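Here is a short tour for someone meeting this structure for the very first time. Have a look at it, then read on.

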Amino acid sequence: MVKAGTLEKGDVMVTIEESGEREIIIKSKLERLYGEAIRKTVEEMTTDIVGKIYVEDMGALDWVIRARIEAAIRKFRGEEQ
Amino acid sequence: MKLRRTRLYVPGNNPHLVENVGLYGADCLILDLEDSVPLEQKFDARILVKYALQNVDFGRSEKWVRINSPDTPFWKADLEEVLPYVDVVNVPKVESYEDVEKISGIMDEIEEKHGVEKRKIVPIIETLKGLTNAREIAKHPRVVAMAWGGEDLTAELGIPKKKALILDHVRAEIVIAAKSQGKMALDTVYSNIRDEEGLFEYARRARYMGFDGVGVLHPNQVEVVHRAFRPEEKDIEEAKKIVEAAEKAMKEGKGVIALNGRMIDKPVLERARKILAFAEVD
Amino acid sequence: MPINAVGREVPSEINGQKFKPFAGDMKTPPEGRRAGSLLRMVPESRSKVVNSIEEVIKKVGLEDGMTVSFHHHLRNGDFVVNMVMETIRKMGIKDIRVFPTALFPVHEPLVPMLSDGTIRRIEGSMNGPLGEATSYGAMRETAVLRSHSGRVRAVESGEVHIDVAFIAAPTADPYGNLNGVDGPSACGPLAYGMVDAYHADHTVAITDHLVPYPAHPISIFQHQIDYVVPVNKIGDPNGIMSGTLRITTSPSRLKIARYALEVIDKVALKDGFSFQAGAGGISLAVTKFLGDLMKKRGIRASFINGGVTKYVVDMLHEGLVDVVFDGQAFDLDAVKSLKEDANHIETPLAMYGNPYSSGGIVNMLDVGVLGATEVDIDFNVNVNTHSDGLLLHGIGGHQEVAAGSALTIVTVPLYRYRVPVIKERVTTVTTPGEVIDVVVTEHGIAINPKRDDIIEAMRGSKVPVYDIQDLQKKAERICGKPQEPKTTDDIIAAILWRDGTIIDVVYRVKK
């Protein structure tokens with residue numbers, strides 16, 4: 001399991017867990033306003049990932065979500081330096 | 001003329017602090033990957049900073065990133081991630097010309113790969129060894145300014161930083177090293193973010209020591225430092241007259257600039273231009 | 001349904017009562033006479049003390065369907081509303097209309113009473129859980145929200161008749177003289193309770209600090225109080241008082257305060273000027289910076305209307321302001337000053353900004369600095385709902401301060417978390433753009449185009465001035481466009497302008 005990001009205000013924590021199936025779970029305090037936008041970003045960036053992707057959003061802007069997803073994906077692939 | 005009166009340090013792994021950086025009017029913004037980022041967040045931070053550099057409005061501020069020092073395993077990865085999107089690389093604990101050369105070499109490769117222009121370097125002198133080599137370091141073509149930090153230096157000497165008399169000498173060395181190469185000299189931060197008067201005095205002192213700017217830790221410090229670096233009104237008026245006279249002479253095709261029967265030579269004109277820049281007069 | 005002057009479709013009837021659509025501030029003249037309460041005669045006893053709430057409810061003859069009122073000086077530390085409503089529920093009295101000045105998260109125990117038949121509706125501000133429950137459809141009838149002054153108007157005009165007013169009294173004597181400056185639950189003024197004391201058919205003071213006759217000072221006088229009920233505790237001081245309110249330390253919020261100060265300086269700052277103070281983080285910062293600037297320039301204000309805090313009291317003591325008008329105190333410094341300083345005056349709420357009166361304090365204000373949850377490109381302001389449609393805040397004095405002040409400034413961040421604050425269209429209109437002059441954000445300000453004088457005054461200032469459309473676009477660029485709130489056609493609340501016309505309605509939100 002890999003994690004990227006934090007649960008601070010304006011940040012997002014992205015977790016990817018080994019799993020035979022692709023699954024995306026999104027929890028956001030802005031679900032009612034940005035739930036669809038967040039899901040779109042996550043789907044779009046993680047198309048190649050087979051695993052359980054868990055996103056806990058604390059009101060992050062889209063570029064922050066993207067940065068955290070990229071970090072998580074690269075960790076998941078063992079590219080962390 | 002590019003001003004670097006203030007360079008605001010922003011922790012690189014904190015999106016909430018990073019997203020508003022453009023608002024505070026600092027001449028330079030430093031997204032920090034070094035001291036403000038714990039070891040286990042180094043990876044996340046450099047990716048966040050890469051995205052921030054491309055997505056956040058930096059206003060008129062110059063984009064800096066402080067990478068991890070050349071004696072860590074992180075600096076290369078830092079550069080590979082962020083270099084294409086920065087103006088200036090701020091390098092801590094530089095000790096020799098070779099240190100700069102080593103970093104510059106990697107920068108060459110990355111710049112070529114991404115097809116971007118040469119980025120600038122501002123080294124931070126933090127050790128006695130670095131200090132002895134400061135004049136050499138300042139010669140490197142990528143170096144546009146010299147900065148320094150007193151933490152390690154005073155630890156090396158075993159004296160409390162607040163009482164360290166030697167730091168004024170260090171300051172003078174940095175200014176001499178930088179200015180003798182036509183580079184900028186940048187003083188370190190004033191850490192009491194609540195003391196406006198103290199900061200003003202500190203920045204004034206830096207200015208009279210020959211520095212072109214100081215580091216700031218809080219957005220509220222920006223305006224105070226800019227005020228401290230503002231030249232006196234009579235100097236601004238005088239400088240305006242000199243620059244006007246120079247422009248007039250140029251237009252009339254005269255080789256000699258004269259003001260009130262006095263000849264204006266090149267260093268005086270340069271000084272006048274600098275005064276106007278610091279006074280933010282166009 | 002008719003379309004009102006801010007372009008919102010509004011019903012002409014709420015809970016069977018007729019209402020006019022909003023036509024603009026001061027565009028709907030009043031009709032009729034002031035409404036009155038029952039005349040009554042008390043027995044020749046020297047005490048009005050009744051020993052329990054249940055007993056007093058029996059004495060006043062509270063019945064199904066009646067209206068009970070409360071004031072909110074004890075804010076989130078109040079025990080009285082829950083105490084009284086729980087007794088009413090236990091006594092099996094049904095269909096009550098609750099008419100508070102405001103309710104807070106501490107009043108969450110009222111939520112189940114919305115569905116068990118005890119409460120048919122609430123007419124008043126609902127901050128937090130009650131507003132949220134109402135948004136999801138928990139209230140049987142439609143909530144009605146009024147500003148502080150709009151509520152006074154509703155009572156005085158007979159739009160709302162109060163059967164029983166329950167008045168939390170930090171200090172009371174056995175014959176019903178009350179004040180808020182002494183006792184363990186001291187809150188400062190009792191301004192919000194005054195109109196209820198005068199107009200309700202029955203009035204009950206509830207106190208945890210019974211003093212020998214006569215109590216002094218006196219905020220609400222004995223001839224208006226029928227009964228006094230001593231209880232163990234009327235509130236929790238930690239929820240009543242805010243402790244030492246701190247100025248915001250957020251650099252972006254401070255930037256907003258600095259820009260607001262610059263606008264005040266360029267437009268309105270002169271000897272003898274007046275302003276409205278508040279307790280929000282930005283508002284506190286503006287008050288503090290304004291005080292510093294006045295000191296530097298040797299300028300003195302004629303009055304501050306509060307929202308009184310330590311920062312206002314300091315200005316009074318430093319001679320920077322002649323008089324403080326106090327409708328609400330936020331900290332113990334404010335309470336102490338109200339008690340001790342002759343030029344710190346407790347003002348009845350009826351004097352605040354009721355448009356159907358001979359003129360309120362707000363008419364004398366030069367500067368009002370207000371907050372908002374949303375502002376739109378027509379300068380309309382929303383303070384009631386969030387962008388997801390949930391009703392979470394009351395109106396407070398927003399409408400009258402905005403309408404009265406010569407310079408009305410709304411201070412808001414461009415966005416909160418990821419949610420744009422400057423929008424194309426606010427979710428709910430609380431205050432119309434016609435009474436808003438300047439919107440101040442951390443990115444710069446926008447000036448209402450009809451205020452040429454302000455546009456002119458701000459020329460040459462270092463504060464960036466934008467068209468409000470540009471600020472809106474900037475917010476959307478940074479945040480992305482949020483989804484529209486998922487609402488139904490059921491109206492769960494009506495937002496009244498201070499004159500009693502409907503300015504907007506709030507719809508039920510889908511779970």
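Which residue is the bridge partner of V2(A) in strand 2 of chain A? That would be I16(A).

## Before we start

This is a predicted model, in which local features need pLDDT of at least 70 and side-chain atom pairs count only at pLDDT 80 or more, while totals for chains, interfaces and linings use all residues. Residues are numbered from 1 along each chain as its sequence is written, and chains are lettered from A and ligands numbered from 1 in the order in which they are written.

## The sheet in chain A

Chain A has an open sheet of 4 strands in the order 1-2-4-3, with mixed pairing. Strands here are DSSP runs of E with at least two residues, helices are runs of H or I with at least four residues, and both are numbered from the N terminus. Two strands pair if DSSP finds at least two bridges between them. At the edges sit strand 1 (2-5) and strand 3 (23-28) of chain A, each pairing on one side only. From one strand to the next, the twist averages 10°.

Strand 1 of chain A runs antiparallel to strand 2 (residues 12-18) of chain A, and 4 bridges join them. Helix 1 of chain A packs on the sheet, where it touches strand 3 and strand 4 (51-57) of chain A. The direction of helix 1 makes about 150° with that of strand 3 of chain A (axes are lines fitted to C-alpha atoms, for helices over the stretch in contact, and angles run from 0 to 180 degrees between N-to-C directions).

## A buried strand in chain B

Over in chain B, strand 6 (residues 145-148) points A145(B) and A147(B) one way and M146(B) and W148(B) the other, and all are buried. Buried means that 20 or more other C-beta atoms, placed from the backbone, lie within 10 Å of the residue's own.

Strand 6 of chain B pairs in the parallel sense with strand 5 (residues 120-125) of chain B over 2 bridges, and W148(B) has I125(B) opposite. Strand 6 of chain B also runs parallel to strand 7 (residues 184-187) of chain B, joined by 3 bridges. There, A145(B) stands opposite M184(B).

## Where chains meet

In chain B, 11 residues are in contact with 16 residues of chain A (C-beta atoms, placed from the backbone, within 7 Å). Helix 2 of chain B gives the largest share of chain B's side, 6 residues.

Between chains A and C, the contact takes 11 residues from chain A and 10 residues from chain C. Helix 1 (residues 31-45) of chain A brings the largest share of chain A's side, 5 residues.

Note on methods
A residue is buried if 20 or more other C-beta atoms lie within 10 Å of its own, exposed if 12 or fewer, and partly exposed in between; C-beta atoms are placed from the backbone. Two residues are in contact if their C-beta atoms, placed from the backbone, lie within 7 Å.
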